[in-house]
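Visitor: I would like to learn how to read charged side-chain pairs in a model. Please take me through a case.

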Amino acid sequence: IRNNELNGTIPFNTVSLKRLKVLTLIDNKLTGTIPKDFFNSTQMVGIDVAKNDVRDSLNEDYCSSEQSVYVSADCRGLNPKVECSCCGRCYDDSGSYIDNSTSVCVFQSIFEATAKSSFGVELDCS
């Protein structure tokens, strides 16, 4: 649902969608935080909230979780909106990004097709 001028917060009930694996919300007008239940879902593998006004802090509990979800967010630059040392892709204020190769490789090894089709990520992780 990228670039659709969606506004408001990310609905909590999207977590209960049983077949939802990747939620791509990049380039909208969303606010609030990332619902923490995304990180407990056994189905969810990725969420992209970059280029919104979503503000959050993904702490060490998230970063060390074995079931962590691939996150793409505004986590670089002078005023990062999301604090996250283990996010897969971090955008800055100008809209450019850098990939965290460790996070991307873990995600890609488990969900290779999803990473390539949803996030355009393809790294040599050998």
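**Salt bridges and strand pairing**

Guide: Asp53, Arg55, Asp74 and Lys81 are linked in a network of salt bridges. The model is predicted: local features need pLDDT of at least 70, side-chain atom pairs count only at pLDDT 80 or more, and totals for chains, interfaces and linings use all residues. Residues are numbered from 1 along each chain as its sequence is written, and side-chain values use heavy atoms, with hydrogens and water left out.

Visitor: What is a salt bridge here?

Guide: Side chains of opposite charge can pair when their charged atoms come close. The rule asks for a side-chain nitrogen of Lys or Arg within 4 Å of a carboxyl oxygen of Asp or Glu.

Visitor: How many salt bridges does this rule give?

Guide: The count is five. In one of them, Lys29 pairs with Glu5, with the closest N and O atoms 3.5 Å apart.

Visitor: Which parts of the chain does the pair of Lys29 and Glu5 tie together?

Guide: Lys29 lies in strand 3 (residues 29–32) and Glu5 in the segment before strand 1 (7–9), so the pair ties together parts that are 24 residues apart in sequence. Strands (E, at least two residues) are DSSP runs, numbered from the N terminus.

Visitor: Is Glu5 buried or exposed?

Guide: Buried means under 20% relative accessible area, exposed over 50%, and partly exposed in between (1.4 Å probe, protein chains only). Glu5 has 57% and is exposed.

Visitor: In what sense do strand 3 and strand 5 pair?

Guide: Two strands pair if DSSP finds at least two bridges between them. Strand 3 and strand 5 are parallel, with two bridges; Thr31 has Asp53 as its bridge partner in strand 5. Strand 1 and strand 3 also pair in the parallel sense, over three bridges, and Gly8 has Leu30 of strand 3 as its bridge partner.

Conventions: Helix = DSSP H or I, 4+ residues; strand = E, 2+ residues; numbered from the N terminus.
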